[in-house]
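The entries follow in the order of the look-ups.

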Amino acid sequence: MPGPPLAQAGPLVERLRRPDARITVLTGAGVSAASGVPTFRGADGLWKNFRPETLATAEAFGRDPKLVWEWYAWRRLRIASCEPNDAHRVLADWSRRFPRFQLITQNVDGLHERAFAKVTDRSAAAEATARRAPDASGVIRLHGSIWEVLCWRGCAASPPRWRDETVPFKEIPPRCLHCGDLIRPGVVWFGEPLDPEIVGAATEAADCDVFITAGTSAVVYPAAGFIDIARRKGAYTVEINPEATPATGTVDLALRRGAEVVFAELNRGL
Ligand code: OAD
């Protein structure tokens, strides 16, 4: 049985309290589980009932855009009724509290961004940090956003991508406002490269003093590799996950509880 969340967390708390600590947190689907957003792997994970190759590749979209969009429209509907939980709220608070804080996420649900948007009084240093993130959300989003779309054909009249929070769509598959052709979700699909600017920002953020990986099964790269970079750069590494992952044996501290519980406890202990 795991002990109370903070029983072994003394060295982490001590490091978080250092005024100049560079703190980086990498999150995955498990951080949104307590909000009601399904994870991908595990007993109730999306990939138990759906096959990634029929729903999350460019080939699948080319073959059957209606089927792919039905799945994304269903997920958008579900996420739209979810609220950020304590993990999202504490991390948003840390973006204000810690002058050198970076958040990298694999999540496309937008819950971090919603929690961040409520933080209006960030310190000047945290603002500068947020500006270094590749977009205005202040979050380094490795896999894009389910709330963004782009023209499937990349028509010249449309921007590279744009926000669209329509739930539900009037027509599936939805169409490009500029050329009338299809639009696609603004997420990274299997087999697609990540934006090099975003990977660059995440790699830079992995050069830190404390690196926390939370709610990720640590099997999808390059995200799963950032903790190795952080370790090589001398960071104190922490995993927050109720289950063991390939990263568990490599970290300085593994906290085997839900992220919403651990972040709330850590925050109270600071
Ligand atoms: P996964 O679904 O692979 O893993 C979720 C992890 O969260 C598991 O290790 C769970 O044990 C853990 N977990 C569950 N509840 C938790 C809680 N309350 N607190 C903390 N952890 C909890 O999700 P990711 O690792 O994010 O890719 O998946 C990585 C990528 O694979 C996703 O970004 C997605 C997917 O295919 C794309 O969309 C490109």
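I find an N or O atom in the side chain of Arg41 at 2.6 Å from an oxygen atom of the ligand. I take a polar contact as a pair of N or O atoms within 3.5 Å; within protein, one must be able to donate a hydrogen and the other to accept it, and residues adjacent in sequence count only if both atoms are side-chain atoms. For Asn241, I note a polar side-chain atom 2.8 Å from an oxygen atom of the ligand. Glu260 has a side-chain N or O atom 3.1 Å from a nitrogen atom of the ligand.

The model is predicted, and I use local features only at pLDDT of at least 70 and side-chain atom pairs only at pLDDT 80 or more, whereas totals for chains, interfaces and linings use all residues. Residues are numbered from 1 along each chain as its sequence is written, and side-chain values use heavy atoms, without hydrogens and water.

Entry 3, shell. I list 22 residues around the ligand (a heavy atom within 4 Å). Phe40, Arg41, Thr216, Ser217 and Asn241 come nearest. By class, I record nine nonpolar, 10 polar and three charged residues in this shell.

How values were computed:
Ala, Val, Leu, Ile, Met, Phe, Trp, Tyr, Cys and Pro count as nonpolar, Asp, Glu, Lys and Arg as charged, and the others, Gly among them, as polar.
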